[in-house]
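Subject: Structure handover

Hello,

Here is the structure you asked to look at. My notes follow below it.

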Amino acid sequence: MDREEIYYGKHGEPRKFDPKFRGPIHNRHCTDVLCCVIFIVVILGYIALGIVAWVHGDPRKVVYPTDSHGQFCGQKDTPNENRTILFYFNILKCASPIVLINLQCPTTQLCVSKCPDRFATYIDMQASYRYKPDQWNYYRQFCKPGFNNPWKSVVQVIRDEDCPSMIIPSRPFLKRCFPDFSTKNGILTVANQTTFKDGRGKTRNVTDLREAANGINNVLDARSIGMKIFEDYASSWHWILIGLFIAMVVSLLFLVLLRFTAGVLFWIFIFGVIGMIGYGIWHCYWEYDHLRGIPGSDLTIYDIGFQTDFRVYLQLRQTWLAFMIILCIVEVIIILMLIFLRNRIRIAIALLKEGSRAVGYITSALFYPIITFILIAICISYWAVTAVFLATSGEPVYKVMANQTLCKYANLTCDPETFNTTNVTKLCSGAQCTFAFYGGESLYHRYIFIFQLANAFVFLWLVNFAIALGQCTLAGAFASYYWAFRKPADIPPWPLFSSFGRAIRYHTGSLAFGSLILAIVQLIRIILEYLDHKLKGTQNSFTRFLLCCLKCCFWCLEKFLKFINRNAYIMIAIYGKNFCASAKEAFFLLMRNVVRVAVLDKVTDFLLFLGKILVAGGVGVLAFFFFTHRIQVFTQEAPTLNYYWVPLLTVIIGSYLVAHGFFSVYAMCVDTLFLCFCEDLERNDGSTAKPYFMSASLHRILGKKELSPKKALG
């Protein structure tokens, strides 16, 4: 058995090291097997849930509207095949609060082939039927199928809801007939009229229709805007792809530039910040001195109290004095940090350069985010499809829709086949048994909400697992680079592919374990957000305060877990231990180098954020000049758009995401190299027997041994 060497950290804690360690261990064993088995069982159960939902669900319930009998409008091979639009007998009833309960309007709903295009009432039609029978032929298409008795009394027709008491000019939206609103001289009209007859002997204002179809006009306007946006995408999609390709090229160039100018970029930023703060101090002093002798400028902030116009405070000398003091304190802090942390900053910059060099040797890593994107896209698609099928699982449920608010049968379930034989219509005049929603009383239908929660939870678990797999794979590849004594000669062939194989074969359980913990916290956050949304209207301040505290705590917990998981996956990729052991070692290793962690994290975050902004901003400026026809060379090629900001925003956001994908690989590289660097310092002392594995540039910056390990042979 090989001997192990025991080293002691700064706080005296022993750590056992394999003296023959030369990079990511290849002779591994499976870790967190129990969690791996549970993960596989959950995936199989998730597939089974999708199959069951697929058997019971019917997405047509989302696409097609349903009439009062639960039949789809426009469904093929049914009597409603050519009737694709839903018509409301009395849309005025859609302003009833019961709509918010069942999402159904308490009036007869009928599938029609087209919406009405004129004002008419059943009373007027019946009065003129003898002279104008064609009016009945038009009106009857909005009556119940099979009804053909224009002489039936108006009272009976309205009671039995054979025909609507009125029809109004409408247009289809989302396959439903809504009043054709328009604005004329600032006045709301329907077909250029401000009033209409309701078919019950009253003349009403079209604003009543507006209340019944609240928000529909805005939605119709949004639909028009949506069509124009679709047209813009159709005419500019290829230019958008060109912009994203340019963003990819610029991102690669920025990573190459970062390799050679990381130090220059950082120091330019630092001295730029110092210079801007210095200018701010001078400007505050100038304003402070300029206000001397001006009446009222010597008043204090306490004297004038709180003012909604903040410009008032800028007329006070005390305000500028406070600004100047704050900026001086910030300036001093930054200068002191540069003085005392200069060596740490140099190491951080060297690690950034080393990261660029590692990415240069393992260029295939730059394209690994495509695999992560595909895996996450599959998860999102499966979750969305399963959610739709679960939501559309069930059988039609009918409820009593009554106009009378005191009807004790209102909102109770009913059977449309036997409803007319009951006493409900006698006790509640005008009540009817109307389709409400799809549901059921079976065991499956009772637990659909639980199934939806399970669907969301497994979705979060799988997405986090896909991200964890990518992090572990990249960490293993870049660790192979660091622990190669002669770079690049000792780098193993296909390091990314080998790392991916190790992660899948040996550490699926560990990656699933870390992802499970994070998914649980994220699900709790979603539940808290849902509760907060539901309780927004309440006046209970303590409940809202408690929810706010819980949301803040779980947000912090999620950020902490992401940090721990990320570093645990790096240790898993290097040593092949289980999740808990890797997380523990990573945590204590980082705590022993906490100053380096803080400095490196901020330096890396800033430079990568700067790169993302530069890529997105540069490509965005180019896209702005192109889509606004300001580049003379491409004036003819630039498409004519309704809204030039549509492709512009798409290019900017897409460019930022492209840059984020490339730079996330870079960030993972730097984090991996940093942990390896810390391990290298604790394992080796730079002697001939135990040389450092770090690059020559890092070794030069280190200058001398920072750690003199005590060792004992075991």
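A disulfide here is a pair of cysteine sulfur atoms within 2.5 Å. In general, a disulfide is a covalent bond between the sulfur atoms of two cysteines. Before the findings, two points on the source. This is a predicted model, where local features need pLDDT of at least 70 and side-chain atom pairs count only at pLDDT 80 or more, while totals for chains, interfaces and linings use all residues. Residues are numbered from 1 along each chain as its sequence is written, and side-chain values use heavy atoms, with hydrogens and water left out.

Disulfides

How many disulfides does a search of the whole structure find? It finds three.

Cysteine 143 and cysteine 163 form one of them, with sulfur atoms 1.9 Å apart. The angle about the S-S bond is 115°, and the link of cysteine 143 and cysteine 163 is right-handed. Cysteine 143 sits in the loop between helix 5 (133-139) and helix 6 (154-160), and cysteine 163 in the loop between helix 6 and strand 6 (166-167), so the pair ties together parts 20 residues apart in sequence. Helices are DSSP runs of H or I with at least four residues, strands are runs of E with at least two, and both are numbered from the N terminus. Cysteine 143 and cysteine 163 are both buried. Buried means under 20% relative accessible area, exposed means over 50%, and partly exposed is in between (1.4 Å probe, protein chains only).

Cysteine 73 is joined to cysteine 111, S to S 1.9 Å. This link is left-handed, with -75° about the S-S bond. It connects distant parts of the chain, 38 residues apart: cysteine 73 is in the loop between helix 2 (60-63) and strand 3 (85-88), and cysteine 111 is in strand 4 (residues 109-112). Both cysteine 73 and cysteine 111 are buried.

Cysteine 115 pairs with cysteine 177, their sulfur atoms 2.1 Å apart. Their link is left-handed too, at -95° about the S-S bond. Cysteine 115 and cysteine 177 are both buried.

Other cysteines

Cysteine 472 is buried, at 2% relative accessible area.

Helix 1 and helix 15

The axes of helix 1 (residues 33-56) and helix 15 (residues 448-482) come within 11 Å and cross at roughly 130°. Axes are lines fitted to C-alpha atoms, for helices over the stretch in contact, and angles run from 0 to 180 degrees between N-to-C directions. The two helices are therefore oblique to each other. Angles under 35 degrees count as roughly parallel, over 145 as roughly antiparallel, 65 to 115 as roughly perpendicular and the rest as oblique.

Single residues

Threonine 372 lies in helix 12 (residues 368-391). At 15% relative accessibility, threonine 372 is buried. Tyrosine 285 is in helix 8 (residues 216-290). Tyrosine 285 is partly exposed, with a relative accessible area of 45%. From tyrosine 285 to leucine 321 is 36 residues in sequence and 7.2 Å in space, C-alpha to C-alpha.

Best wishes
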